[in-house]
Amino acid sequence: MGADASSDTETRVIAEEVPVAIECNGIGYAVLMASPENLLDLGYGFALTERLIDDARDVLDAETHAIEQGMLLRLTLSSRVAGRLSDRVRHRTADSSCGLCGVENLEQALRPLPTRSARWDGADEAVFAALRELDQAQPLGAATRAVHAAAACTMNGAIRLVREDVGRHNAFDKLIGAMLREGLDWAGGFALLTSRCSYELVEKAALSGCPMLATISAPTALALDRARAAGLALRVLARPDALLRPVA
């Protein structure tokens with residue numbers, strides 16, 4: 001409807017959002033609301049950022065199945081990491097019963113992150129360069145204007161790989177999983193996300209070995225604290241001609 005109260009009919013692409021049940025070694029682990037594309041990437045990335053695996057070799061098999069209510073994502077993890085699964089399921093069961101309560105659950109919520117020894121050596125112009133490319137690199141976003149994108153960028157800001165999802169966490173997990181499956185590392189580059197900088201995204205970046213995380217919206221205080229603890233560089237409120245660089 002226009003400002004003059006006139007109306008017209010328009011056909012638009014609507015983003016899909018479905019329940020995705022993740023099953024690891026036959027155990028129901030989580031249910032996510034996600035876009036149904038690139039679900040194998042989501043499985044690998046989710047397993048890494050949940051600290052169930054260390055690399056792609058820990059996933060022996062991955063498959064998706066359409067079910068009546070949504071999608072089932074089945075992962076078979078190696079015996080080397082199977083103990084982590086049973087430990088995390090025990091904690092997640094306790095978490096779901098009454099929220100994050102008790103010292104043990106709080107420690108699980110804010111577990112120590114790996115510390116990066118190498119600093120981000122790129123220039124802020126790389127973020128501006130990636131932003132200029134980003135619109136053309138997210139077809140689902142262009143069609144629906146309802147999803148987030150996560151991009152892996154070179155040190156100079158060229159976009160190497162993009163994944164999209166209705167959820168910002170899922171988009172980043174899909175990107176991390178795609179890189180795992182394709183044998184790609186960050187190679188001195190950075191991640192660019194079309195979202196705010198939450199502490200969960202900082203943790204995913206740190207766990208994937210990403211040297212720098214750039215987001216188009218602001219960070220939370222906890223995100224800044226977690227990034228400092230992990231030695232992760234941040235660029236936030238990134239716009240075509242400006243960004244903020246948090247100071248230690």
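Colleague: Hi! Where is Arg 145 found?

Modeller: Hello! This is a predicted model, and in it Arg 145 is found in the loop between helix H5 (139-144) and strand E5 (148-153).

Colleague: What is the phi of Arg 145 like, positive or negative?

Modeller: Positive, at about 55°, although Arg 145 is not a glycine.

Colleague: And is Arg 145 buried or exposed?

Modeller: Exposed, because its relative accessibility is 60% and the cut-off for exposed is over 50%.

Colleague: I was also looking at Ala 187. Where is its place in the chain?

Modeller: Ala 187 is in the loop between helix H6 (168-182) and strand E7 (190-193). Ala 187 is not a glycine, yet it has a positive phi of about 50°.

Colleague: Buried or exposed, that Ala 187?

Modeller: Ala 187 counts as exposed, with 61% relative accessibility.

Colleague: Let's change topic. How many helices and strands does the chain have?

Modeller: There are 8 helices and 10 strands. The chain has 248 residues, and buried residues make up 47% of them.

Colleague: What about contacts between residues 24 or more positions apart?

Modeller: Those account for 53% of the contacts in the chain with a separation of 6 or more.

Colleague: And what does the accessible surface come to?

Modeller: About 12300 Å² for the chain, and 51% of that belongs to carbon and sulfur atoms.

Colleague: Good. Now Glu 50, where does that one lie?

Modeller: Glu 50 lies in the loop between helix H1 (39-49) and strand E3 (59-67).

Colleague: Is Glu 50 buried or exposed, then?

Modeller: Buried: the relative accessible area of Glu 50 is 13%, and buried means under 20%.

Colleague: Which side chains does the side chain of Glu 50 make a polar contact with?

Modeller: One of them is Tyr 29, joined to Glu 50 by a side-chain polar contact of 2.5 Å. Another is Arg 88, where the side chains make a polar contact at 3.3 Å.

Colleague: Let's go on to the rings. How many aromatic pairs are there?

Modeller: The count comes to 2 aromatic pairs. Tyr 29 and Phe 46 form an edge-to-face pair, 5.9 Å centre to centre with 80° between the planes.

Colleague: Which parts of the chain does that pair link?

Modeller: Distant ones: Tyr 29 is in strand E2 (residues 27-34) and Phe 46 is in helix H1, 17 residues apart. Both Tyr 29 and Phe 46 are buried.

Colleague: Why is the pair of Trp 120 and Phe 190 edge-to-face?

Modeller: The ring planes of Trp 120 and Phe 190 are at 75°, so the pair counts as edge-to-face; the cut-off for that is over 60 degrees. The ring centres of Trp 120 and Phe 190 are 5.5 Å apart.

Colleague: And where do Trp 120 and Phe 190 lie?

Modeller: Trp 120 lies in the loop between helix H3 (102-109) and helix H4 (125-134), while Phe 190 lies in strand E7, so the pair ties together parts that are 70 residues apart in sequence.

Colleague: Are those two buried or exposed?

Modeller: Trp 120 counts as buried at 12% relative accessibility. Phe 190 is buried as well, with a relative accessible area of 0%.

Colleague: Next topic, charges. How many salt bridges does the structure hold?

Modeller: It holds 16 salt bridges. One of them is formed by Glu 23 and Arg 74, with the closest N and O atoms 2.8 Å apart. Glu 23 lies in strand E1 (residues 18-24) and Arg 74 in strand E4 (residues 70-77), so this pair ties together parts that are 51 residues apart in sequence.

Colleague: What about Asp 54 and Arg 80, how do their side chains meet?

Modeller: They meet in a salt bridge, 2.8 Å from N to O. The pair links distant parts of the chain, with Asp 54 in the loop between H1 and E3 and Arg 80 in the loop between E4 and helix H2 (82-98), 26 residues apart. Asp 54 counts as partly exposed at 41% relative accessibility, and Arg 80 counts as exposed at 52%.

Colleague: One more: what joins Arg 132 and Glu 125?

Modeller: A salt bridge between their side chains, 2.9 Å from N to O. Arg 132 is exposed, with a relative accessible area of 55%, and Glu 125 is partly exposed, with 43%.

Colleague: And which residues do salt bridges that share partners join into one network?

Modeller: Asp 54, Asp 58, Arg 80 and Arg 84.

Key
Residues are numbered from 1 along each chain as its sequence is written. Side-chain values use heavy atoms; hydrogens and water are left out. Helices (H or I, at least four residues) and strands (E, at least two) are DSSP runs, numbered from the N terminus. Buried means under 20% relative accessible area, exposed over 50%, partly exposed in between (1.4 Å probe, protein chains only). A polar contact is a pair of N or O atoms within 3.5 Å; within protein, one must be able to donate a hydrogen and the other to accept it, and residues adjacent in sequence count only if both atoms are side-chain atoms. Rings of Phe, Tyr and Trp (its six-membered ring) pair if their centres lie within 6.5 Å; planes under 30 degrees apart count as stacked, over 60 as edge-to-face and the rest as tilted. A salt bridge is a side-chain nitrogen of Lys or Arg within 4 Å of a carboxyl oxygen of Asp or Glu. Contact means heavy atoms within 4.5 Å. Accessible areas come from the Shrake-Rupley method with a 1.4 Å probe; for residues, only the protein chains shown count as cover.
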